[in-house]
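Subject: Structure handover

Hello,

Here is the structure I promised to pass on. Please look it over first; my notes follow below.

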Amino acid sequence: MELVGVSEIRAMLGNVSRQRASVIANQRNFPEPIAVLAMGKVWRKSDVEKWIKEHRPDLASD
C-alpha cells in the first residue's frame, strides 16, 4: 500500500500550491486520511487517485 501526504497530493494535482492542496484535502468529499502523524495526514494513494479520476478527470493518468 502506497501512502501520500500533502506534498505528493500537490504533485498529483498538477503542482498546485501547498495551501491549495490542503484546501482540497480538507473538502468533505475528499477521502479520509488513514492516519494523522506528527508530519501531517496521510492517505492511500489509490484513494486519492480515485478521487482525482472522479473529480478532476483532466488530471487523471490512466
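Helices here are DSSP runs of H or I with at least four residues, strands are DSSP runs of E with at least two, and both are numbered from the N terminus. On that basis, the protein chain reads β-α-α-β-β-α along its sequence. That comes to three helices and three strands.

Some ground rules. This is a predicted model, where local features need pLDDT of at least 70 and side-chain atom pairs count only at pLDDT 80 or more, while totals for chains, interfaces and linings use all residues. Residues are numbered from 1 along each chain as its sequence is written, and side-chain values use heavy atoms, leaving out hydrogens and water.

Overall shape

The C-alpha atoms fill a box of roughly 30 × 25 × 20 Å, taken along the principal axes. The radius of gyration is taken over C-alpha atoms, and the globule rule is 2.2 Å times the number of residues to the power 0.38. For 62 residues, that rule puts a compact globule near 11 Å; the protein chain has 11 Å, so the two agree.

Contact means heavy atoms within 4.5 Å. Take the contacts with a separation of 6 or more: 49% of them join residues 24 or more positions apart.

Of the 62 residues, 26% count as buried.

Accessible areas come from the Shrake-Rupley method with a 1.4 Å probe, and for residues only the protein chains shown count as cover. The accessible surface of the protein chain is about 4300 Å². Carbon and sulfur atoms hold 47% of that surface.

Salt bridges

A salt bridge needs a side-chain nitrogen of Lys or Arg within 4 Å of a carboxyl oxygen of Asp or Glu. The count is two.

One pairs K45 with E2, at 3.8 Å from N to O. K45 sits in helix α3 (residues 45-55) and E2 in the segment before β1 (3-4), so this bridge ties together parts 43 residues apart in sequence. K45 is partly exposed at 25% relative accessibility. E2 is exposed, at 55%.

The other salt bridge joins D47 and R44, at 3.4 Å from N to O. D47 is partly exposed, at 26%. R44 is partly exposed too, at 33%.

A nonpolar patch

Patches take residues with over 30% relative accessible area and no salt bridge; nonpolar side chains (Val, Leu, Ile, Met, Phe, Trp, Tyr) are joined within 5 Å, like charges within 9 Å. M1, L3 and I34 form a nonpolar patch on the surface, with about 330 Å² of accessible area together. M1 lies in the segment before β1. It is exposed, at 75% relative accessibility.

A backbone detail

Most residues other than glycine have a negative phi. N15 is not a glycine, yet its phi is positive, at about 60°. N15 is in the loop between α1 (6-12) and α2 (18-25). It is exposed, with a relative accessible area of 60%.

Two distances

H55 lies in helix α3 and is partly exposed, at 33%.

G40 belongs to strand β3 (residues 40-44). G40 is partly exposed, at 22%. The C-alpha atoms of G40 and D58, 18 residues apart along the chain, are separated by 27 Å.

Best wishes

Key: Buried < 20%, exposed > 50% of the residue type's maximum accessible area, 1.4 Å probe, protein only.
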